[in-house]
Each structure stands twice: as C-alpha cells, then as structure tokens.
Amino acid sequence: MNLSGKNILVIGAGLSGVAAAKVAAGLGAKVTLSDAKDEGQFAEDFSPLRAMGINTKFGKQEENLLDGVDMLMLSPVVPVKVPIAQAAIKRGIKVTNEVELAYALAKSPIAAITGTNGKTTTVTLAGLLLQTKFNKVGVGGNIGIPLSEEVLRVGEKGATVAEISSYQMEVAADFHPKVAAVLNVTPDHIKRHGSMEVYQAMKEKIFMNQTAEDFLVLNYDDELTRGMKDRAKSQVCYFSGKEELAEGAFIQDGLLVLKWGGKTYELVSVKELGIKGAHNVLNALAAAAVAFFMGAEPAKMTKVLKDFKGVEHRIEFTALVDGVPYYNDSKATNTDSAIKALETFDGHIILLAGGDDKGTDLTDFMALVKKKTDALILMGDAAARFKENALKAGIAAENIIEAGYSMDKAVQEAKKLAHSGQIVLLSPACASFDMYNGFEERGRDFKRAVGELAR
C-alpha cells in the first residue's frame, strides 16, 4: 500500500485509531486524527503524535474535515453510519480501517479468528502454538494490540494471528486471511448492528475473500456457525466437542485429535489440557486447527496445550481466601459467556454479576444461575432488571444481594457468605462501562478487592 503523499483522515482516537495514524504517517501520508470527544476527555497525551507531524482535531466533526482527503480510516468503535463516514462515502472517498491497513502491509500470512465468545483465549493459544513453527509470531487486533503494528514487526517469514470483532469487519473489503475461524455466534452487539442477521453477516465477512487455497475453521456444535460452510469458497475444517467427525478437530476416547488428509494426529487428553471447561476444550481444538493449517506440526503442539493456563479475566483463579477460591471472569460481557463460566463448575457458586446492561434475554442464564449458585450478588445499571428476572426464575429473594456500584461491597458481601465447598465467581454477563473503562479495569478492581480480603 503506497500512502506516500496521501491525505488520510483517521476518525477515533482510541488504540486502533492512534496506531493507524502513526503507521500511515510513518509511510509518508499526511495524517489528521479526529475524535468527536474533546481532547481533555482523554487520559492520553497526544503531543507525541503532533511531534510526528500528525494533525489532531477534537470536538465537533464538520464535513469540511473531508476536504482534500484521499482516504478515511474508522476506528472499530466508530460505526460507519456516523455522519462524517456517510459524507465520505457520498464524496467517493475510500472508507477503511486499521485492520484493512494491516492486511495491505502484511508480508507474512495472517490467521484471523472471530466469534462472540472465546476469541482472546483462542487467539492467544494459537499464537503460542505458531511459535513452535515460526521465529516471529504476531498477535493483534481486537485483543488490544494494534494489528498494523504487529504485521510490521513480524515482517517476512513469520505469521500473525488476528482477533477480529464484528466492528472491525463493518467496512472490510479486501481482508483475506490464509486461515479464518469462526468460533460461535450468539446474540451480542445488536444495538450496533441492528439485528442478529447483520451481526452474523459481519462475522462471515472474515472469510468472504478466501479461495479454495485457504482454510476456514468452523464450530460444528454451533448451528449458525456450522451452516457457514454453504457460503465458503475455502476448505472447511469443523471442530466439535460433541461429535467424532469424519474429518476435523474433535474428541476421541478422551483425546483431542486432528484428522485431516487421511491422517489422524493425537494431541493431548482433555485431562492434560491446561485450560479447563468444555468451552475451553472447543477453544483449544479451534486453536490447534488454525495452527495446523498455518503450518505448525501437531507433535510440537502437545507441550503448549498442556502448559497454557489461560488469559487474564477468563475464569482466572485469583486467590484462596479462608479455603474459598475466587475467580475473575470479567471478560464475560454477555450471558452466553457467563453461562459457560457457570458450566465450568459443579455448583455452590456465589456469583457476582451485573454492570452495563446489554438488554439481552436472561431466561437461560437465570435458569442456570438458579441451578448452580447459592447466592447472587448484583452490581451496576443492570441490577434491577437482573433481580427482577432472577425472582421470575424462582431464585429466592434472600439469596439476592444488591451491592450498588461498589466492587468492594460486592466482594465483602461474598466474603460474609462464603465457606469451604463454595467458590466466588465474578462473571458479570454485562459490559462494564457503567462503572469502568473496560472489562480489564473491572477485573483488576475485583482482584484488588479480593487481595485486600486475603491480607
């Protein structure tokens, strides 16, 4: 991609937007970074960008920002329906994003992984598995590391694993990974996309440019994902935690196996797998399949699969307090993810839930909460609706505690109730923005509060 002398407007001054601005400027483009927020609303210092020659424009975005612009790059959090993007489209200005920029700059193959849940764990594990094959491996995208910076760091003769969100596919046109994977599709981000159908369509864009020489890894156990094979031009490999497949990645006699091209490769037993829970078995199968099609040898994957213990904020063991284990699953920002966390344990859970309510149906979630938990501690904006649905599900009122907007109170209430044989689990089933800047901040606050109990 030749950006030298081009006028580039980047909309959105978050991590991805700042990275796109830096990379584009480094390639010789004349860059303006704009955000509808005032600069004072950011904790970041933008003076280093200005020192690089990047113009910054904060506050109201008038259409004259587009004058002389050759290309508009949107940060993932900025929907294509915003007025400035729509005006650019009307003017015939190319609208793209940092993921598309990364693909254009990549000199090594990319494996791209999407799905409603499990992306970060699968991407992280796939990156570790690829290190058994390549000297340089990049891991970036929605995981919080700019993909464009990673592909430049990796250069030639390496590989990059990209975590891709539905937001990042909204304006995608050229993105073409060698290996793509769709882990699952369940209701999420409906406010952004407008419908479940559009949300799924955004997920499917991850493989829209693949050819018969590429590979697509799909979850056989997820009906929506399984059906994507009908719209794929690439070679499809299913993975399953329930079925022994004629070909694909699955469980056979308690072992994770890969069967492809007439050969069967045994990896590790379910018991030996470092990450626990049925959902993590699926994540491991998907990661192994992705790494295999990127060129990694199955025999070299075994040690990694045994040693990998998971990612921060994903059913992360935090501390043992008075004989009770505390787990941080702050990444559970929707009910489907929280259900998977609840299913990981046998029961007797003191569950901390609630936050920035996504308004999704709570029927299945509360049915499992009733079955698996001894107490439900609710926080944040969602507390009232969650309590109402918990009562409807038959959860006793005396087992529901409201902690307001205080993580300290929620953890202290859990400590009062918890005894040996129980576990305390933060798995909110909600976003975090009513109280925090992101699920990471929420998870670390939980760990801080638990750490104070343990002193």
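## About the model

This is a predicted model, in which local features need pLDDT of at least 70, side-chain atom pairs count only at pLDDT 80 or more, and totals for chains, interfaces and linings use all residues. Residues are numbered from 1 along each chain as its sequence is written, and side-chain values use heavy atoms, with hydrogens and water left out.

## Overall build

The protein has 16 helices and 20 strands. Helices (H or I, at least four residues) and strands (E, at least two) are DSSP runs, numbered from the N terminus. The C-alpha atoms fill a box of roughly 65 × 60 × 40 Å, taken along the principal axes.

With 455 residues, a compact globule would have a radius of gyration near 23 Å, and the protein agrees because its value is 23 Å. This radius is taken over C-alpha atoms, and the globule rule is 2.2 Å times the number of residues to the power 0.38. Buried residues make up 57% of the 455. Buried means under 20% relative accessible area, exposed over 50%, and partly exposed in between (1.4 Å probe, protein chains only).

## A five-strand sheet

Five strands form an open sheet with parallel pairing, in the order S3-S2-S1-S4-S5. Strands S3 (55–58) and S5 (94–97) stand at the edges with a single partner strand each, so one side of each has no neighbour in the sheet. Neighbouring strands are turned by 25° against each other on average, direction ignored. Two strands pair if DSSP finds at least two bridges between them. Four bridges join S4 (residues 71–74) to S5. Met 73 stands opposite Thr 96 in S5.

Two helices lie across these strands. Helix H4 (residues 98–105) lies across S4 and S5, at about 85° to S5. Axes are lines fitted to C-alpha atoms, for helices over the stretch in contact (heavy atoms within 4.5 Å). Angles run from 0 to 180 degrees between N-to-C directions.

Strand S9 (residues 179–182) is covered on both faces. Val 179 and Ala 181 are buried on one side, Ala 180 and Val 182 on the other. In a regular strand the side chains alternate between the two faces of the sheet.

S9 runs parallel to S6 (residues 110–114), joined by four bridges. Thr 114 stands opposite Val 182. Four bridges also join S9 to S10 (residues 215–219), again in parallel. There, Phe 215 is the bridge partner of Val 179.
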